[in-house]
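Thanks for making the time this morning. I have one structure to walk through, and I will keep it brisk.

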Amino acid sequence: YEHENLMAIPFTMEINDMPHAIRYGNQPEEMVSTFIKTLDWMVKEDSNSSLMNFTAHTHVYGRPAGAVIFDQLIEHTLERKDIWVATRNEVFDYVTNYLS
């Protein structure tokens with residue numbers, strides 16, 4: 001996918017298995033409630049412009065016990081009608097079309 005323009009899209013750490021498990025010692029299941037609470041707050045408090053990434057590292061939650069958690073996050077995300085799930089390319093296209 002090639003563009004003539006360059007855009008910096010922030011990377012958020014709210015839902016990232018590395019600090020969640022390694023730094024803070026949380027169980028995988030706790031990420032689901034953290035994700036839902038964070039997403040609910042973002043939609044309610046900052047509905048105009050919020051971005052959330054969720055990240056799984058192969059050596060942390062990229063194994064069956066953690067992967068099931070990311071399946072739950074994806075399922076919850078796709079069930080919601082109040083958010084836009086997009087790739088970074090889709091965000092780029094949206095912003096560049098908006099600015100044109």
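This is a predicted model: local features need pLDDT of at least 70, side-chain atom pairs count only at pLDDT 80 or more; totals for chains, interfaces and linings use all residues.

**Overall picture**

Let me start with burial. Of the 100 residues in the protein chain, 27% are buried.

Now the layout. The protein chain has four helices and two strands. Reading from the N terminus, the order of elements is β-α-α-β-α-α. On its principal axes, the C-alpha trace spans about 45 × 30 × 25 Å.

Next, contacts and surface. Take the contacts with a separation of 6 or more: 68% of them join residues 24 or more positions apart. The protein chain exposes about 7,400 Å². Carbon and sulfur atoms supply 54% of that area.

**The salt bridges**

How many salt bridges does the structure hold? There are two. Let me take them in turn.

D40 forms a salt bridge with R80, and the closest N and O atoms are 2.6 Å apart. Where do the two partners sit? D40 is in helix α2, residues 28-45, while R80 is in the loop between α3 and α4, so this pair ties together parts that are 40 residues apart in sequence. The side chains of R80 and D40 are also joined by a polar contact of 2.6 Å.

The other bridge runs from R80 to D82, with the closest N and O atoms 2.7 Å apart. Put together, D40, R80 and D82 are linked in a network of salt bridges.

Is R80 buried or exposed? R80 counts as buried, because its relative accessibility is 15% and the cut-off for buried is under 20%. D40 has 36% relative accessibility and counts as partly exposed. D82 is partly exposed too, with a relative accessible area of 42%.

What does R80 touch, leaving aside its neighbours within four places in sequence? The contacts are L39, D40 and V43. So D40 comes up again here, as a contact of R80 and as a salt-bridge partner, because the cut-off for contact is heavy atoms within 4.5 Å.

**The aromatic rings**

On to the rings. The structure holds five aromatic pairs. I will show one of them, F54 with F70. The centres are 5.9 Å apart, and the planes make an angle of 40 degrees. That makes the pair tilted, because stacked needs planes under 30 degrees apart and edge-to-face needs over 60.

F70 counts as buried, at 9% relative accessibility. F54 counts as partly exposed, at 29%.

Step back from that pair. Ring pairs link F35, F54, Y61 and F70 into a cluster.

**The surface patch**

Last stop, the outside. W84, Y94, Y98 and L99 form a nonpolar patch on the surface. Together they have about 590 Å² of accessible area.

Take Y98 as an example. Y98 is in helix α4. Is Y98 buried or exposed? Y98 is exposed, with a relative accessible area of 65%, because the cut-off for exposed is over 50%.

To recap: a salt-bridge network of D40, R80 and D82, a ring cluster of F35, F54, Y61 and F70, and a nonpolar surface patch that includes Y98. Over to you.

Definitions and conventions. Residues are numbered from 1 along each chain as its sequence is written. Side-chain values use heavy atoms; hydrogens and water are left out. Buried means under 20% relative accessible area, exposed over 50%, partly exposed in between (1.4 Å probe, protein chains only). A polar contact is a pair of N or O atoms within 3.5 Å; within protein, one must be able to donate a hydrogen and the other to accept it, and residues adjacent in sequence count only if both atoms are side-chain atoms. Patches are made of residues with over 30% relative accessible area and no salt bridge: like charges are joined within 9 Å, nonpolar side chains (Val, Leu, Ile, Met, Phe, Trp, Tyr) within 5 Å. Accessible areas come from the Shrake-Rupley method with a 1.4 Å probe; for residues, only the protein chains shown count as cover. A salt bridge is a side-chain nitrogen of Lys or Arg within 4 Å of a carboxyl oxygen of Asp or Glu. Rings of Phe, Tyr and Trp (its six-membered ring) pair if their centres lie within 6.5 Å; planes under 30 degrees apart count as stacked, over 60 as edge-to-face and the rest as tilted.
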